[in-house]
Amino acid sequence: MRAPWIALLALLPAVAAAQEPLVPAAVDPCGEDVVRLCPGVKPGEGRVVGCLRKHESELGEACRERVQAQVERARRFVQEFGQACKPDVDRWCPAIDPGQGRVLGCLGQHLPDLTGPCQAQLERLYGARDRVAAFRRACAPDVERLCSGSVGDAGDLVACLEERKAQISPECRATDFRAAAEAAVVQDLVEEMTSRERIRESLEILQGLDSVAFSRSQVLLQFDGFQSIADRANGGRLLFNPQFVFGEQGQFSLQVKVPVTALYPYAPGAPTQFGLGAVSTGVGWSFLRTGPVRHFAALALQWQTASSPPVGGPWAVVPAYAFGLGLARWVSLTTQVVWFRSFGGSGSYADVNLLYVEPIVAFNLPGRSYLALDTRLGWSFTSGTFVPIMKGVAGIFLDRQKSVSVSAWYQAALSQPAADQFFKYGFGMGLAYFFDF
């Protein structure tokens, strides 16, 4: 997916700014670089600027300065619009499927109710969008005569008419069609920004499902009840799970899991065992982003912080990889591969060597609610058994900023070996608070 500001670069300055006259190719600081580096690139939708960005190290000094200035202006515009209107989109248009101007249309229906900053941004966009229609009306004969082979969107048509500026009719030249074309591109940018917010929401859901995928810092309190643990006891766990996301682009995370567990044996007269479970610390790295796909790697260390197996676990190292994919506005998928390997040896704990693949599908529903299906497909190398477990989760984000979510789940072992090693079924609930530094 193209960066959201790339398509805007060829059409800046900003919507509300006074428009510059068409620049003759002879004085265009990037004219020679385009001919030399991008000879086969079709103008329009920022394709030429995107090509120049790929060859930035080869550009002339004047062209490089111009491209860098345009990049910065586009970034500022996208950031300003997002900051101004994101709360209004969350409040008035949470269930609108992005694309084809639907989010902007929804905001327009609520224009009197919008915050002042968003109203100002939207009125600028709508005013410029009106110029799109004026441009198409005024320049229709020129387009038909000079640019019949163009794709037909505003960016392509502007590029085509600029190349043939000497042949443009006075009526077309009098139209402020550069601003009109820009408005059409900005509309797509707004929709794309909204789509990215939906992907981010999905990653927040996955964070609460014990996935190594992450998007924001969090503090998660989680309660689990486990029934028929190895057919010998029932148990409970209260998990405190803070995670801190940092880095220039939020590409790193630090996670700590502190469980307090209790075990209720079936044997008559056997005492309840209660205490601190196996504490885990880990680091995560969002090392690659390609369009709607995010790739994550993580490495965790489980500490032998409990003295007995029923409420704790052995020393273990836990490497993991996951990719998160926003399939659509309402559904995302992550698949993670985790290897749980104990080490250090202990007479109290059995050796653990477990590899599992875990696909998780998350559904964003209207009203800030969500559903998720978490399937853990494990293979125990120590016992040579397949140990699958499935978990269904329902939850809701409580506020407009999606800072607090509440969820509940039910999970069950799908095979007898899984029930023998872990539990027959379990249930739980979680309270998560997401935040940014």
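This passage walks through the fold of a predicted protein model, from its overall make-up to a few single residues. Local features rest on pLDDT of at least 70 and side-chain atom pairs on pLDDT 80 or more, while totals for chains, interfaces and linings use all residues. Residues are numbered from 1 along each chain as its sequence is written, and side-chain values use heavy atoms, leaving out hydrogens and water.

The protein contains 10 helices and 13 strands, both taken as DSSP runs numbered from the N terminus (helices are H or I with at least four residues, strands are E with at least two). Of its 437 residues, 47% are buried; here buried means under 20% relative accessible area, exposed over 50%, and partly exposed in between, with a 1.4 Å probe and protein chains only.

Strands count as paired if DSSP finds at least two bridges between them. Strand β8 (residues 331–342) runs antiparallel to β9 (residues 353–364), with 11 bridges joining them, and F340 has L354 in β9 as its bridge partner. A hairpin with 4 residues between the strands is formed by β9 and β10, and G367 in its turn has a positive phi of about 75 degrees.

Most residues other than glycine have a negative phi. Against this background, S228 shows a positive phi near 60 degrees. S228 lies in strand β1 (residues 217–229) and is buried, at 13% relative accessible area. D231 also has a positive phi near 60 degrees, but D231 sits in the loop between β1 and β2 (233–246) and is exposed, at 57% relative accessibility.
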